[in-house]
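Here is a briefing on one protein model. Start with the fold as a whole, then turn to single helices and residues.

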Amino acid sequence: MQRETRSRKKGNTRVKASQTSLDVFSLLKTNHITAPHERPLIEASIETCRLEIESAEEEIRRLHDKQATYEFIIELNHNLLLPSPIRSLPPEILSNIFAAYCDMHQLPDHPVDPSWGRRNLIFLKSRLHLLGICRRWREVALSTPRLWNSFAIVRKGAELNQRWLGSAGTLPVELSYHINDNKHAQQLLSAYLPRCETLHLHIPNGSNLGTLDRIPRASRLTTLTLHCSEAWHHSETQSWTEILLQSLPALTSLTTNASPEVLSPFGTQLSQLILLDHIFPLEGLSYLRVLTRLKSIHCRLYTYPDMIPFVQEPLTHEHLESLTFKYAHPYKDDQHGIVLNHLTIPRLQHLDLKPFKFCPEPLMKLFERSSCQISSLTLDVRWPHHHDCPFSDAQIEDGLEECLKSPHVGKYLEKFFLIMRDFNDIRDTIPATLLRLLSKSTGLFPKLAELHFSYSCEQVPQILDLLRNRATNCEENGVAQLELLELQYMDECYEGPYLPEHNIVSLRQSGTVVETRICTDKD
C-alpha cells in the first residue's frame, strides 16, 4: 500500500508539473503579464524541472559506470582469448630475457661521476620494475640470482640491502659502496667481500676509516675502483689502503686516483691501471716506473705550456701492451712527445692518443726504439691553429701517412680509428690522401679488419673503392676481410648525388658491416 501511495504521489506530481508547464507555455504565446499569485506556480515549475534533470543525470552516471564495468570485464575476458606467447615461455627462457634486459643497465662503475646517482637509479628500476608486472614475473625474477648479484649498498636501507643481495644466491657479487659510519652497511660489506669479484669504493671527506680496520680476505676480487676525496698523503688513508690491497691477492685491474707512492708496494700485482684524475706527464712516468708488471694504462694528462719540468731518465717497460693518453689541454703541437720521447715499450700493441696536436716524429721514434707491433691505433688529431704550429695541413697529412706506412704499424694493424678536429674542436673529414692510401690494394694493411673515420658525401665513391679493393685484395692476396667500417657523416645540408641513405645499401653489399651516424656538433 505504501509503495502504491508513493507511486501515485509521484504520478500526480508529474501530471501537475506537466499541466503547469502547459499553462506556462500557453501563457508565453500571449502578451500576458504575470500576476503576483501566478509567480509561485512558475517557480514551482522551474524547481520541479531541475529535480527531474538532476535525477536524469544521476541515472546517466550510474549507467555510464555500469557500462564501464562491463567494458572492463569484456576486455579482461578478451585478453584471455588472445594468443600470448610470453605466457607460455618456460621460466628458463623468461629468466634469460630478464638477464639480457638487465645487462643493458649495469651498475655504474665510477662512484664520483656526476651522473652516478641518475645511472644508479636506472639500474635499480630496471630490476624492480620486473617485480611489479605480474606474480609469475616476480617469481621468475626473484629466482634468477644473476639479476641481483650487483648492488650499490644503501646507507639507510637495511632491508633492501639484505633482500637484494640475498636473492643473488651463491653467485659472486659486484658491490659499490660510499664509505660511511653506518654499522649495518659496514657489516654487509664485510659479509659479502669474500664473494666479491668487482668492488667500487669511494672515500668521502671526513670518513672514519678506523671503523673498517677489519677487512676480510677477498680472494675472488680482481677489479677495484678506489677513489678518495681527500689528499692521499694522509697517513690514515695510506695505511688503510695498504691493508685493503693486501687483502686482495687476486687484484689485477685498478681504477683510482691514488698516487704512485701509494701503489708502489703492489707494483708486481697490477696488470691494468685507469687513473681518474688528471696528472702531469712526470707523474705518468712515475706510475709506469713503480708498476713494473702493468699491461694496460689509461690516464689523462695536463700539458700546459711552461709546466714541463722533465728531468727523468728514459724508461723501458717490458710488459706494457696498451697505452691510452688523453690530453686535457693540448696547447702545444709537440706536448704529446713529452712522455713518448721518454718511453720504450717493446710489447706495445694498442696505442690511443686523444686529443692532441699531431707531430709524427715522437710516434715514429717510439715505434723504432720499441720495435713494437701496433695492432690497434686510435688518433684523435687536433688540426693546429696557424699561429702556434710550424706544420701545414699537408705536412700533417704526410705525417699520418708516414705513421701508417711504418713497418711497426702497417703490416700488423687490425683496428684504426681516426678522429680529425680543427682548432675549434669541430670534427673534420678524413684527408683524401689517407683515404686513397687505405683504398690501395697493395697489401699495406694485410690484417686490417676495423676502420673508423668521419666522411662527407663527396667521399662516398672513394669509400666504395676502398671496400671493393679490399674485397679483391682479400680474394687474390689472402689479406683479412674488412669486417667493420664505422662512419660519421659530416654534411648535414649537402644535396649532391651521394647522400648516405642512397649509398648505405651499396656499401653494405660488400660484406662489410657498415655503421653510420650523423655528426654535426662538437663530438
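The model is predicted. Its secondary structure comes to 16 helices and 17 strands.

**Overall build**
- The protein has 523 residues, and 42% of them count as buried.
- The accessible surface comes to about 28,700 Å². Carbon and sulfur atoms hold 53% of that surface.

**Confidence**
- Mean pLDDT is 78, and 76% of the residues reach 70 or more.
- Residues 1-22 have pLDDT below 50, and this stretch has five contacts in the model beyond near neighbours in sequence.
- Residues 491-499 also stay under 50 in pLDDT. The model has 15 contacts for them beyond four places in sequence.
- Where pLDDT is low, predicted coordinates should not be read in detail.

**The nonpolar core**
- The largest nonpolar core has 110 residues. Which of its members touch the most others? They are Leu224 and Leu323.
- Helix H15 (residues 460-477) gives this core its largest share, five residues.
- Leaving aside residues up to four places away in sequence, Leu224 touches Leu199, Leu244, Leu245, Leu248, Leu251, Ser253, Leu254 and Thr255.
- In soluble globular proteins, nonpolar side chains tend to be buried together.

**Helix H4**
- Which residues of H4 are buried? They are Trp116, Asn120, Phe123, Leu124, Ser126 and Arg127.
- These residues lie on the same side of H4, because they cover an arc of only 160° around the axis.
- An α-helix has 3.6 residues a turn, so residues three or four places apart point the same way.
- The cover over the buried residues of H4 includes helix H3 (91-103), strand E1 (150-152), helix H6 (158-166) and strand E2 (173-178).

**Helix H6**
- The buried residues of H6 are Asn161, Trp164 and Leu165.
- Their arc around the axis is only 85°, so they sit on the same side of H6.
- Glu159 and Arg163 are exposed, on the face of H6 turned away from its buried side.
- H4, E1, E2 and helix H7 (183-192) are included in what covers the buried residues of H6.
- Beyond four places in sequence, Asn161 touches Phe151, Ile153, Val154, His184 and Leu188.

**The loop between H12 and E12**
- Cys372 is in the loop between helix H12 (360-370) and strand E12 (376-382).
- Cys372 counts as buried because its relative accessibility is 1%, and buried means under 20%.
- Contacts of Cys372, not counting residues up to four places away in sequence, are Ile345, Pro346, Leu348, Phe367 and His408.
- Cys372 and Val409 are 37 residues apart in sequence. Their C-alpha atoms are 8.3 Å apart in space.
- Ser371 lies in the loop between H12 and E12. Ser371 is partly exposed, with a relative accessible area of 49%.
- Ser371 is not a glycine, yet has a positive phi of about 50°.
- Most residues other than glycine have a negative phi.

**Two further sites**
- Glu283 lies in helix H10 (residues 281-290). Glu283 has a relative accessible area of 32% and is partly exposed.
- Glu283 is 18 residues from Leu301 in sequence, and the C-alpha atoms of this pair are 9.0 Å apart.
- Leu487 is in strand E16 (residues 484-489). Leu487 is buried, with a relative accessible area of 1%.
- How far apart are the C-alpha atoms of Leu487 and Phe453, which are 34 residues apart along the chain? They are separated by 5.5 Å.

Conventions. Residues numbered from 1 in each chain as written. Predicted model: local features only at pLDDT ≥ 70, side-chain atom pairs only at ≥ 80, totals over all residues. Heavy atoms only, no water. Helix = DSSP H or I, 4+ residues; strand = E, 2+ residues; numbered from the N terminus. Buried < 20%, exposed > 50% of the residue type's maximum accessible area, 1.4 Å probe, protein only. Areas by Shrake-Rupley, 256 points an atom, 1.4 Å probe, with all protein chains shown as cover. Core = buried A, V, L, I, M, F, W, Y, C linked by side-chain atoms within 4.5 Å. Contact = heavy atoms within 4.5 Å. Arc of directions from axis to C-beta. pLDDT = per-residue confidence, 0-100.
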